Amino acid sequence: MKHKVLKKQNVGRRCIVCGTDNDLGLKTSFYELENGELLAVCNTKDWHQSYPGRVHGGISAALLDETIGRAISINDETIWGVTVSLEIKYKKPVPTDQQIKIVGRITKENRKLFEGSGEIILENGDIAATATGKYMKMPISQITDEELEGDEWINTEDELPDYIEF
Ligand SMILES: CCCCC/C=C\C/C=C\C/C=C\C/C=C\CCCC(=O)SCCNC(=O)CCNC(=O)[C@H](O)C(C)(C)COP(=O)(O)OP(=O)(O)OC[C@H]1O[C@@H](n2cnc3c(N)ncnc32)[C@H](O)[C@@H]1OP(=O)(O)O
């Protein structure tokens, strides 16, 4: 199914999941979709493996964690959160050297906390892992000493695809 893309989110320059300046990172891109969900696109590499050919479960967890955690900013980009709990169900192996997609959404929100769910979708459409996560809202100034206006939270200014299919 085709999904209309509205916006590409910024990246944390040195973030292990999204950072463009992290040689060891996953270099994942995050797109806000018209249906209110967040889509992540990640090209898995050989060095993300646990068993040969199979992405490490901790890597899958990190991808799901960040995708759900970022979904809160679709409606309000001033809300930041830290993960307080995360549950992953691993249903199928995630292969290395494949473009995978991760979808996340918010399912519950109150003044202090928000919750969401997400899944990893393989190239053949299979759902390889699902997750639910809970996050505590926190001002960015309490999470990091870096300033938002500095060079850590950057717009990569790539061309935005009109639609992404998954
Ligand atoms: C500026 C430039 C940088 C820009 C960003 C760059 C890069 C980042 C890239 C992208 C970022 C965008 C989005 C990403 C989002 C997510 C991705 C991953 C995020 C992480 O990778 S983040 C690392 C892992 N994560 C942590 O590092 C948290 C460690 N942890 C703590 O820091 C504390 O644990 C804390 C603060 C959470 C709580 O500490 P605390 O002392 O405030 O806790 P306290 O016990 O007082 O609880 C206060 C009230 O919360 C309730 N409460 C507490 N825990 C609860 C739970 N689990 N469930 C339900 N309720 C809970 C209590 O029940 C009480 O409620 P009440 O007040 O009503 O009684």
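## Basis of the description

Two strands are said to pair if DSSP finds at least two bridges between them. Strands (E, at least two residues) and helices (H or I, at least four residues) are themselves DSSP runs, numbered from the N terminus.

The structure is a predicted model, in which local features require pLDDT of at least 70 and side-chain atom pairs count only at pLDDT 80 or more, whereas totals for chains, interfaces and linings use all residues. Residue numbers start from 1 along each chain as its sequence is written.

Eight strands form an open sheet in the order 5-8-7-6-4-3-1-10, with antiparallel pairing. Strand 5 and strand 10 (163-165) each have a single partner strand, so they stand at the edges and one side of each is left without a neighbour in the sheet. From one strand to the next, the twist averages 35°; axes here are lines fitted to C-alpha atoms (for helices over the stretch in contact), and angles run from 0 to 180 degrees between N-to-C directions.

His3 is placed opposite Ile164 of strand 10.

Strand 7 and strand 8 make up a hairpin with five residues between them, and Gly125 in the turn has a positive phi of about 90°.

## Nonpolar core

A nonpolar core is a set of buried Ala, Val, Leu, Ile, Met, Phe, Trp, Tyr and Cys residues joined through C-beta atoms within 7 Å. A residue counts as buried if 20 or more other C-beta atoms, placed from the backbone, lie within 10 Å of its own, as exposed if 12 or fewer do, and as partly exposed in between. In soluble globular proteins, nonpolar side chains tend to be buried together.

The largest core in this model has 29 residues, among which Ala40, Leu63, Leu64, Ile102 and Ile120 touch the most other members. Two or more residues each are contributed by strand 3 (29-33), strand 4 (38-43), helix 1 (57-71), strand 6 (99-109), strand 7 (113-121) and strand 8 (127-137). Helix 1 provides the largest share, five residues.

The surroundings of Ile120 illustrate how these elements meet. Beyond its neighbours within four places in sequence, Ile120 is in contact (C-beta atoms, placed from the backbone, within 7 Å) with Ser60, Leu63, Leu64, Val94, Ile100, Ile102, Ile127, Ala128 and Ala129.

## Ligand shell

The ligand is surrounded by 23 residues, of which Gly12, Gly69, Val84, Glu152 and Trp153 are the closest; a residue is included if its C-beta atom, placed from the backbone, lies within 6 Å. Strand 5 gives the largest share, five residues. Strand 5 is hardly covered, with one buried residue among its ten.

By class, the shell comprises nine nonpolar, six polar and eight charged residues. Here Ala, Val, Leu, Ile, Met, Phe, Trp, Tyr, Cys and Pro count as nonpolar, Asp, Glu, Lys and Arg as charged, and the others, Gly among them, as polar.

## A buried glutamate

Glu32 belongs to strand 3. Glu32 counts as buried because it has 21 C-beta neighbours inside 10 Å. Apart from residues up to four places away in sequence, Glu32 touches Leu6, Lys7, Gln9, Leu38 and Ile74. The C-alpha atoms of Glu32 and Arg70 are 9.7 Å apart, across 38 residues of sequence.

## Loop residues

Two residues other than glycine have a positive phi: Lys27, near 50°, and Asp97, near 55°. Lys27 lies in the loop between strand 2 (11-12) and strand 3, and is partly exposed, with 18 other C-beta atoms within 10 Å. Asp97 is located in the loop between strand 5 and strand 6 and counts as exposed, with 12 C-beta neighbours inside 10 Å.

Tyr51, in the loop between strand 4 and helix 1, is exposed, with 9 other C-beta atoms within 10 Å. Tyr51 and Thr96 are 45 residues apart in sequence and 10.0 Å apart in space, C-alpha to C-alpha.

Technical notes. Two residues are in contact if their C-beta atoms, placed from the backbone, lie within 7 Å.
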